[in-house]
Amino acid sequence: MERVTAGWIMEATARLVRQHFLALAVYSTALAGLTIGLDFISAPMSLRIAEFIAGLVASFFLLRHVLRCGGMLASSGRNYQLLAFLGVMILSSFGVGFGFLLLIVPGLILMARWSIALTLVISDGLPVIES
């Protein structure tokens, strides 16, 4: 097994960006365009909430695409779990936010512990609590 270092993580990230550049470009451009368009028309809060939800759903499909291309999706039928992804996103956001309210260090610890949870929901098909 390879030793995990900061350099290895940066190299692996750069490799993923190169391999999935088109998907990342479409994701980034679409969300940026949506945000700029809503800013331009001074959109009401309901459209901002819809933009937020669209961003979460787009994140799910982008992560799922990267995992599928890397052969990291579970072969079971439970790997298409948008609701579980959203549940983990909400729970981890509240947990990390609460950790940051306590002090910065607990928030960083919780963020590090839960950083892999979204990937586990999609790749292994784990439910919200188990991931």
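Mentor: Contact here means heavy atoms within 4.5 Å. Keep in mind that this is a predicted model.

Trainee: Okay, then which residues does M89 touch, leaving out those up to four places away in sequence?

Mentor: M89 touches L56 and L118. M89 is also among the residues with the most contacts inside the largest nonpolar core, along with F85, V88, L118, V121 and I122. That core has 13 residues.

Trainee: Which element gives the most to this core?

Mentor: That's α4, with five residues. The elements giving two or more are α3 (45–69), α4 (82–102) and α6 (117–123).

Trainee: How do I read a helix pair?

Mentor: Two packed helices are described by the angle between their axes and the distance between the axes. Here, α2 (residues 21–40) and α3 pack at about 180°, with axes 11 Å apart. Angles over 145 degrees count as roughly antiparallel, so α2 is roughly antiparallel to α3.

Trainee: What kinds of residues make up the contact of α2 with α3?

Mentor: Nine are nonpolar, four polar and three charged. On the α2 side you'll find D39, among others, and the α3 side includes R48 and E51.

Trainee: And how many salt bridges does a search of the whole structure find?

Mentor: Two. The side chains of D39 and R48 meet in one, at 2.3 Å, N to O. R48 also forms one with E51, where the closest N and O atoms are 3.3 Å apart. R48 and E51 are three residues apart in α3, so about one helical turn separates them. Shared partners join D39, R48 and E51 into one network.

Trainee: Is E51 buried or exposed?

Mentor: E51 is buried, at 14% relative accessible area. D39 is partly exposed at 46%, and R48 is partly exposed at 22%.

Definitions and conventions: Residues are numbered from 1 along each chain as its sequence is written. This is a predicted model: local features need pLDDT of at least 70, side-chain atom pairs count only at pLDDT 80 or more; totals for chains, interfaces and linings use all residues. Side-chain values use heavy atoms; hydrogens and water are left out. A nonpolar core is a set of buried Ala, Val, Leu, Ile, Met, Phe, Trp, Tyr and Cys residues joined through side-chain atoms within 4.5 Å. Buried means under 20% relative accessible area, exposed over 50%, partly exposed in between (1.4 Å probe, protein chains only). Helices (H or I, at least four residues) and strands (E, at least two) are DSSP runs, numbered from the N terminus. Axes are lines fitted to C-alpha atoms, for helices over the stretch in contact, and angles run from 0 to 180 degrees between N-to-C directions. Angles under 35 degrees count as roughly parallel, over 145 as roughly antiparallel, 65 to 115 as roughly perpendicular and the rest as oblique. Ala, Val, Leu, Ile, Met, Phe, Trp, Tyr, Cys and Pro count as nonpolar, Asp, Glu, Lys and Arg as charged, and the others, Gly among them, as polar. A salt bridge is a side-chain nitrogen of Lys or Arg within 4 Å of a carboxyl oxygen of Asp or Glu.
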